[in-house]
Amino acid sequence: AKKALIIGAGIAGIAAAIRLAVKGYQVEVFEANSYAGGKLSEFKQDGFRFDAGPSLFTMPQYVDELFTLAGKKPSDFFSYQKLNELCRYFYEDGTTLTAYASTDQFIAEVSKQTGEAEGSVEKYLENSRNIYNITNHVFLESSLHRLKTYLNWDTVSSVLRFGQIDAFRTMNTANETFFTDDRMVQFYNRYATYNGSNPYTAPATLNVIPHLEQHYGAYFPEGGMYSIVSSLAKLAESLNVKFHYDSPVEEIVLEKQRAKAIKVKGDILQGDIVVSAMDVWFTYHKLLKRHPRLFPKKALSQERSSSALIFYWGIKKQFPGLNLHNIFFSTDYKAEFDHIWQHRDIFHDPTIYLNISSKYKPDDAPEGCENWFTMINVPANTTQDWDSLIAGARANILKKLTRILGEDITDLILCESILDPRSIESRTSSYQGSIYGNSSNSRFAAFLRHANRSSKIEGLYFCGGSVHPGGGIPLCLLSAKIVSDYLPAL
Ligand code: FAD
């Protein structure tokens, strides 16, 4: 059998391993860490369990598809439930807004809490669906770098409607035309952060994201987010994929311009194809550093997405007013993004995202307690003074939560861990600690992401959040599919 060598056991690497094993490849995965999952990992502390990275699970069908592909029943390995409430929003003016999964219920809630006309949300979601229908096939499910994509009727019909995807104004500008109420503009601007971008510069095409959440729904994996990884790793193993942990790949070995082997702990391992499922920037700068003339300079010089600062707090109380996903909005959203993208620091009143998995999985926290994943968006790591930024942010977050929840939160913290851009960068080799690869702040971003196959190095493929079609679990899973679509079944 032909051998596929995969670098990185994040969600994309595991998905690629499954797809290639199903195609008949003998697959070996090399992972620098002692565990699978990369950014999608978990840890335990003082009786609490925390999902360390992603907390929002959308498009579960892309996970199910991997089990089905391997001839297994998804629910034998992995189960999840659909959320009735997508998220609870808290504004500083005292408004609370629950984003219900049911569109009718949500529309009624918006009109009750903000007075916004019912028709506005409907019109908004219609626009979002239209953008999805035009862009989905071309931008997400296919390679943008393959002639076949453009010779397809779906593509042609999409291209003919490109005028409708709203690429020439920003998300914020578009959102201001849909809503009269500032709270609703802020509500929909937030979707830019789903791929680490800035709603005041990102093209309004990203207004496609609300459709994904409102129409396809959000889910909670019964075993927590990490069960996505553990069940897929189990599936891969059942297909004879071999995982090597604590095995950082040092080099991709080329013969002429063909990827022939990888170097791990000084050993050279031969393969027929190499799939880099690690960050594309480090793939070139670390593993291919002897071949600078083969670097795709433009793709590697794009602006990176934002990063995250997370406080994982074990809290000795339960808050019935909170749910799985909660947002505490900044009073000045524009200023918050100016700090992230221009000043490259942290605004004194950041928007706080609070995820509490123990709401759905009670054994994630001791009795009477909750596991708080408290996150704010921060700039990518360009060697800021993080220690002082983190200390300031921590104080501001505690002040804000204490004010809105009417309870001194500092007193309730039993244990704490912190993840910041530096640790995201060092733990997963993600350039600048960005969490979604490149930003989508320019309307050309989609075309400037690295392709899923190298045009210069034969036998070298790429998947994961830093290459086409982009970051986030669903897109990472699609990137692995595009890689496997390049390769014939054996
Ligand atoms: P990674 O998970 O980064 O995996 C790459 C792997 O490669 C790592 O395990 C790394 O150790 C390994 N590696 C690197 N270099 C080498 C080497 N030289 N040799 C061997 N192995 C190597 N997405 C969502 O869908 N929903 C969310 O709610 C969400 N929230 C997020 C919150 C946070 C805090 C973070 C950090 C991310 C979030 N994301 C979310 C994004 C999502 O986590 C990523 O897009 C996705 O997990 C990336 O997967 P990946 O496989 O591409 O990369």
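**Two domains and their interface**

Tutor: The assignment, automatic or from a database, gives domain 1 (3–41 + 51–72 + 224–301 + 441–486) and domain 2 (119–213). This is a predicted model, where local features need pLDDT of at least 70, side-chain atom pairs count only at pLDDT 80 or more, and totals for chains, interfaces and linings use all residues. Residues are numbered from 1 along each chain as its sequence is written, and side-chain values use heavy atoms, with hydrogens and water left out.

Student: How many residues of domain 1 are in contact with domain 2?

Tutor: Contact means heavy atoms within 4.5 Å. By that rule, 18 residues of domain 1 meet 19 residues of domain 2.

Student: What area do domain 1 and domain 2 bury between them?

Tutor: The size of an interface is often given as the accessible area lost when the parts come together. Here the buried area (1.4 Å probe, summed over both parts) is about 1,700 Å², with 61% of it on carbon and sulfur atoms.

Student: Which helix gives the most to the side of domain 1 that touches domain 2?

Tutor: Helices are DSSP runs (H or I, at least four residues), numbered from the N terminus. Helix H17 (445–448) and helix H18 (473–486) each supply at least two residues of that side. H18 gives the most, with five residues.

Note on methods: Buried area = accessible area lost by both parts, 1.4 Å probe.
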